[in-house]
Amino acid sequence: MRFTPYSRPTQFTWTARKLAAAQSKPDRQALQQDQQYPLLVGLLPTPAPFDKQAETERRRLTDMQQVATMRDFHAGVWKAARRDFFAASPEQQNAIRSAWCDWTGPCTSTYFRYVVDLHTGIMEARSIAFRTRERDQRAGMIAAMRAQASFDLEAV
């Protein structure tokens with residue numbers, strides 16, 4: 001099965017513009033605090049000074065967490081799509097293979113999921129379930145509003 005691997009971001013580096021913005025952030029926060037809360041200027045804590053090492057580590061960890069989250073998401077989509085692909089009939093599998101081989105765009109997990117859903121009918125079932133759930137939620141909200149409105153009228 002061909003696929004486009006999820007790209008990993010490059011190591012975080014400071015550019016002159018990023019560094020200048022990060023260094024001026026405490027000053028901007030202090031100014032904003034003074035403008036928004038002029039009566040509490042002496043009571044509010046001042047923003048912490050810029051620490052380049054701590055900020056670099058925070059950004060690196062944030063990038064790693066984001067990549068891990070997206071890789072987990074794509075892995076889950078691949079697993080679910082492959083499960084449904086192998087559960088499909090041989091005719092459906094051939095149609096999916098044909099559509100997948102003809103596709104010239106990026107071979108991502110979400111597009112494979114779309115192709116599998118389209119040819120197996122899962123997309124239609126999911127759409128019907130979604131519309132049913134939305135209709136039930138809307139009916140519940142309307143009933144709650146009517147009950148609240150009748151309660152308000154009785155109080156008057």
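Hi everyone, and thanks for coming. Please keep in mind as we go that we are looking at a predicted model.

Let me start with the rings. How many aromatic pairs does the count come to? The count comes to 10 aromatic pairs. I'll walk you through two of them.

Take W14 and F50 to begin with. Their ring centres sit 5.8 Å apart and the planes meet at 90 degrees, so we call this pair edge-to-face. Planes over 60 degrees apart are what that label asks for. What I like here is where the partners come from: the pair links distant parts of the chain, with W14 in the segment before α1 and F50 in the loop between α1 and α2. F50, with a relative accessible area of 25%, is partly exposed.

On to the other pair, W100 and F112. Is this one stacked or edge-to-face? W100 and F112 are edge-to-face, at 5.0 Å from centre to centre and with 70 degrees between the planes. This pair also links distant parts of the chain: W100 belongs to helix α3, residues 90-102, while F112 belongs to helix α4, residues 109-120. As for accessibility, W100 is buried with a relative accessible area of 3%, and F112 is buried with 1%.

Which residues do ring pairs link into a cluster with them? The cluster consists of W78, F85, F86, W100, W103, Y111, F112 and Y114. If you have the structure open, please do colour those in.

Now for helix α2, where I picked out a couple of residues. H74 is found in this helix, and H74 is buried, with a relative accessible area of 17%. What does H74 touch, once residues up to four places away in sequence are set aside? The contacts of H74 are Y6 and S109.

E57 lies in helix α2 too. At 35% relative accessibility, E57 counts as partly exposed. To give you a sense of distance, E57 and our ring residue F112 are 55 residues apart in sequence, and their C-alpha atoms are 36 Å apart in space.

Definitions and conventions
Residues are numbered from 1 along each chain as its sequence is written. This is a predicted model: local features need pLDDT of at least 70, side-chain atom pairs count only at pLDDT 80 or more; totals for chains, interfaces and linings use all residues. Side-chain values use heavy atoms; hydrogens and water are left out. Rings of Phe, Tyr and Trp (its six-membered ring) pair if their centres lie within 6.5 Å; planes under 30 degrees apart count as stacked, over 60 as edge-to-face and the rest as tilted. Helices (H or I, at least four residues) and strands (E, at least two) are DSSP runs, numbered from the N terminus. Buried means under 20% relative accessible area, exposed over 50%, partly exposed in between (1.4 Å probe, protein chains only). Contact means heavy atoms within 4.5 Å.
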